[in-house]
Amino acid sequence: MKRLKRWSIALLILVVLLGAGYLLRGSILKGMGNYLIKEDTEVKVEAAFVLSGMAYERSLKAREMYDKGYAPLLIPVGEGFNDNLRAVGIQLSDAALGRQALMRMGVDSTAIRILEAGTSTQEESEVILGYAKNMGFQRIMIISSRFHTRRVQKVFKRKFKDAGIDVFVVGAAPQDYDIDAWWHSEMGLIFVNNEYMKLLYYAWKY
């Protein structure tokens with residue numbers, strides 16, 4: 001009898017927890033997304049580096065930083081090639097694609113350089129560090145997608161601080177889904193799932 005009572009109480013607690021989780025699912029899922037976002041205040045820097053991937057939304061943010069006077073020099077990064085463009089015979093690296101996007105958005109070509117190197121956030125951080133040191137930069141901005149900013153902070157901050165370079169990370173808002181309701185979109189689900197997997201992977205490997 002006592003054992004049955006314990007099981008009944010445990011089952012009731014489980015049902016209550018599941019019910020509360022269902023009722024609060026929106027807040028819980030929004031919190032999961034918000035955890036991935038860790039941005040710095042936008043400040044004036046010597047150059048803004050645009051990480052590879054999501055060229056449209058990240059270029060939009062880069063143009064905004066340029067227009068506001070925060071970043072007089074924009075540097076798209078990445079050596080990979082967009083597979084969709086390759087399918088129609090266009091060979092553009094991620095960096096070159098970023099340059100094209102920025103120019104179409106009205107950024108003067110003289111304010112754009114490219115860095116065709118790196119295929120991951122970790123590789124790009126090493127490439128950008130070497131480039132920044134070679135150019136004598138002391139304050140730079142890193143532009144990625146908003147859901148990537150926590151991981152970008154972890155990858156960039158310490159190594160650049162050791163080199164005496166201040167890094168400010170800002171995020172571009174997604175264009176294909178609502179960031180505050182990402183779970184309603186397949187693209188949002190993929191992004192958040194992938195980013196948590198990458199956080200675990202980077203914590204384990206680096």
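How are α7 and α8 oriented to each other, roughly parallel or roughly antiparallel? Start with the numbers from this predicted model. Helix α7 covers residues 149-162, and helix α8 covers residues 186-205. The two pack at an angle of about 25°, and their axes lie 10 Å apart. Angles under 35 degrees count as roughly parallel. So α7 and α8 are roughly parallel to each other. Their crossing is left-handed.

Now look at the side where these helices touch. From α7 come Arg151, Lys154 and Val155. From α8 come Glu195, Lys198, Leu199 and Tyr202. Sort the residues of this contact by class, and you get three nonpolar, four charged and no polar ones.

Next, turn to another helix pair. Helix α3 spans residues 55-67, and helix α5 spans residues 94-104. Their axes come within 9 Å and cross at roughly 55°. The crossing of α3 and α5 is right-handed.

Which residues of α3 and α5 make the contact? On α3, they are Ala55, Ser59, Ala62 and Arg63. On α5, they are Leu97, Gly98, Ala101 and Leu102. By class, this contact has five nonpolar residues, two polar and one charged.

Now for the sheet. It is open and has four strands, in the order β2-β1-β3-β4. The pairing is parallel. Find the edges: β2 (74-76) and β4 (166-172) stand there. Each edge strand has a single partner strand, so one side of each is left without a neighbour in the sheet. Ignoring direction, neighbouring strands are turned by 25° against each other on average.

Strand β1 is residues 47-50, and strand β3 is residues 139-145. They run parallel and are joined by four bridges.

Helix α7 lies across β3 and β4. Against β4, α7 runs at about 170°.

Key
Residues are numbered from 1 along each chain as its sequence is written. This is a predicted model: local features need pLDDT of at least 70, side-chain atom pairs count only at pLDDT 80 or more; totals for chains, interfaces and linings use all residues. Side-chain values use heavy atoms; hydrogens and water are left out. Axes are lines fitted to C-alpha atoms, for helices over the stretch in contact, and angles run from 0 to 180 degrees between N-to-C directions. Angles under 35 degrees count as roughly parallel, over 145 as roughly antiparallel, 65 to 115 as roughly perpendicular and the rest as oblique. A crossing is left-handed if the near helix is turned anticlockwise from the far one by less than a right angle, and right-handed if clockwise. Contact means heavy atoms within 4.5 Å. Ala, Val, Leu, Ile, Met, Phe, Trp, Tyr, Cys and Pro count as nonpolar, Asp, Glu, Lys and Arg as charged, and the others, Gly among them, as polar. Two strands pair if DSSP finds at least two bridges between them.
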